[in-house]
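Subject: Structure handover

Hello,

Here is the structure we talked about passing on. Please open it before reading the notes.

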Amino acid sequence: MFQEITRKGIVGDRMKNLILIAAPGAGKGTLSKDLLEKYDYVHISTGDLLREQVAKGGELGKKIHEMQVSGGLVTSDIVYAALENKLNDPACDNGYILDGFPRNVEQALEYDKILSKSGKELGLVIVLDIPKEMLIERITGRFMCKDCGAIYNVYNKEMAPKNEGICDKCGGELYQRKDDNLESFENRYQTYLDSTTPLIDFYKEKGALHVVDGSKGHLYTLEQVEKLINN
């Protein structure tokens, strides 16, 4: 059981480590940001891991740098080593959020080995469940301001700009990312299904999987995730 939670973290026991699994447009980034601010989790993504190791230098950092400079892909073994180093950082002792890892069962099995070596617990694996039709609207209806970065959605009355193509906040021009279209979404969504369906089954069998309804808005999603964290 967890003890009293403050605005910045927890008093006493450690936070539960989190793995967030979500399709494109499900709001994983927004959820992660709120959890990081409220509970002082450490955010871990593959890209950040590699950049951090390069900045530190050392043998592992040099290997990663050499691969990047040569244009080659960083091998899975290097990623696993970087992750293991990160989990041994005392900053991760109070809980962390894994973003974009593991992506498949093979990585999940390797992650189990890393957890065993590092003495860390798996924690919670949370899937944000949202109907495909809603995801399509979130992606294809999304527009951003070129000046202030404000985000709008033309399919959502609460998020739609008052004037078409103009930012409510600064009057800047709104634009849509090149990959925020139906064809791009379909490709990304199918890739998500192909890789994560076996992964979801894997964690379900381990008894670590929790499905949260992400279709009722961000605040509801955050509330449900916090209940899991604090249970």
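Below are the notes on the pocket, the salt bridges and the strands.

Keep in mind that this is a predicted model.

The largest pocket has a volume of about 1400 Å³. It is lined by 47 residues, and those closest to its centre are Gly 25, Ala 26, Gly 27, Lys 28 and Arg 138. Seen by element, two or more lining residues come from each of β3 (18-22), α1 (28-39), α6, β7, β8, α7 (182-205) and α8 (218-230). Helix α7 gives the largest share, 6 residues. By residue class, the lining holds 20 nonpolar, 17 polar and 10 charged residues.

Next, the salt bridges. The structure has 15 of them.

- Asp 99 with Lys 28: the closest N and O atoms are 3.1 Å apart. Asp 99 sits in strand β5 (residues 96-99) and Lys 28 in helix α1, so this pair ties together parts 71 residues apart in sequence.
- Lys 38 with Glu 226: here the closest N and O atoms are 2.8 Å apart. Lys 38 belongs to helix α1 and Glu 226 to helix α8, so the parts tied together are 188 residues apart in sequence.

Which strands run parallel to β5? Strand β3 does, joined to β5 by 3 bridges. So does strand β4 (residues 42-45), with 4 bridges to β5.

Last, the antiparallel sheet. It is open and has 3 strands, in the order β8-β7-β9. Strands β8 (151-153) and β9 (174-175) are at the edges; each has a single partner strand, so one side of each lacks a neighbour in the sheet. Strand β7 (residues 142-145) is joined to β9 by 2 bridges. Met 144 has Tyr 175 in β9 as its bridge partner. Helix α6 (residues 132-140) packs on this sheet and touches β7 and β8. Its direction makes about 30° with that of β7. Those three elements, α6, β7 and β8, are also among the contributors to the pocket lining.

Best wishes

Definitions and conventions
Residues numbered from 1 in each chain as written. Predicted model: local features only at pLDDT ≥ 70, side-chain atom pairs only at ≥ 80, totals over all residues. Heavy atoms only, no water. Pairing = 2+ DSSP bridges. Contact = heavy atoms within 4.5 Å. Axes fitted to C-alpha atoms, helices over the stretch in contact; angles between N-to-C directions. 1 Å grid on protein atoms, 1.4 Å probe; cavity = no way out; pocket = protein on both sides within 12 Å on 5 of 7 lines; lining within 4 Å. Points joined across faces, edges and corners; volume = space filled by probe spheres on them. Nonpolar A, V, L, I, M, F, W, Y, C, P; charged D, E, K, R; others polar. Salt bridge = Lys/Arg side-chain N within 4 Å of Asp/Glu carboxyl O.
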